[in-house]
Amino acid sequence: SSKIRNLEVQSADDVAVLEDCIDFSSTRTISKTEEKLEKEGLPVCVDDDVIPSVGNEIGPEAQIRFLKAKLRVMQEELDSVVCECRKKDDENQNLKSQLKNMEEENTRLQRTISMQRSQTEKYKILSQEANKKSEGLQQEVTALVKVLH
């Protein structure tokens with residue numbers, strides 16, 4: 001059975017933060033990044049494509065709003081990927097369960113086949129014995145018919 005999991009999202013400074021995630025905490029990652037920026041300042045990146053070339057012409061507050069919007073989009077994409085991963089995990093669990101059931105069914109059918117083969121062998125032996133007995137009785141009948149004539 002497929003489990004539907006709800007994602008808990010809370011808002012912090014207009015940024016959605018994913019709370020329920022597999023081995024990932026965006027809050028922790030953001031905090032670490034902010035601490036690093038406070039200690040080291042903004043990194044100097046000549047070919048930084050996070051903020052387009054227009055970014056040099058806008059102020060720091062606009063850059064922050066832009067980055068927060070970009071972060072929101074990335075978090076939504078992450079939520080989508082996490083949701084897809086969970087669906088795949090549920091599908092994998094379902095398929096594992098089906099595989100286990102099929103293996104059990106296969107084992108059961110193999111036992112049934114084995115029992116039927118042994119019964120077939122038993123009936124072949126009984127048939128051969130009955131044929132021998134029938135041949136013997138037929139020879140007796142033929143001998144008795146000759147004696148009577």
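Reply: Let us begin with exposure. A residue is buried when its relative accessible area is under 20%, exposed when it is over 50%, and partly exposed in between. In this predicted model, lysine 124 has a relative accessibility of 46% and therefore counts as partly exposed.

Me: How many residues does the protein chain have, and what percentage of them count as buried?

Reply: The protein chain has 149 residues, and 8% of them count as buried. Within helix H2, the buried residues are Gln75, Asp79, Val82, Arg86 and Asp90.

Me: In what order do the secondary-structure elements run?

Reply: Reading from the N terminus, the order is β-β-α-α, which corresponds to 2 strands and 2 helices. Helix H2 covers residues 60–148. Its 89 residues span 128 Å from first C-alpha to last, close to the 132 Å expected at 1.5 Å a residue.

Me: Where is confidence lowest, and where is it highest?

Reply: Confidence is given per residue, on a scale from 0 to 100. The lowest mean, 40, belongs to strand S1 (residues 9–12), and the highest, 96, to H2. Residues 1–23 have a pLDDT below 50, although this stretch has 42 contacts in the model beyond near neighbours in sequence. For the protein chain the average is 80, with 71% of the residues scoring at least 70.

Me: How many salt bridges are there, and which residue does lysine 88 pair with?

Reply: The criterion is a side-chain nitrogen of Lys or Arg within 4 Å of a carboxyl oxygen of Asp or Glu. The count is 3 salt bridges. Lysine 88 pairs with glutamate 84, with the closest N and O atoms 4.0 Å apart. Glutamate 105 pairs with arginine 108 at 2.6 Å, and glutamate 121 meets lysine 124 at 3.8 Å.

Me: Why do residues three or four places apart in an α-helix point the same way?

Reply: An α-helix has 3.6 residues a turn, so such residues point the same way. In H2, lysine 88 and glutamate 84 are 4 residues apart, about one turn of the helix.

Me: How many disulfides does a search of the whole structure find?

Reply: A disulfide requires two cysteine sulfur atoms within 2.5 Å. The search finds 0. Cysteine 83 is in none, its nearest cysteine sulfur being that of cysteine 85, 9.4 Å away. Cysteine 83 is partly exposed at 33%, and cysteine 85 is partly exposed at 37%.

Notes. Residues numbered from 1 in each chain as written. Heavy atoms only, no water. Buried < 20%, exposed > 50% of the residue type's maximum accessible area, 1.4 Å probe, protein only. Expected span 1.5 Å × (residues − 1). pLDDT = per-residue confidence, 0-100. Contact = heavy atoms within 4.5 Å.
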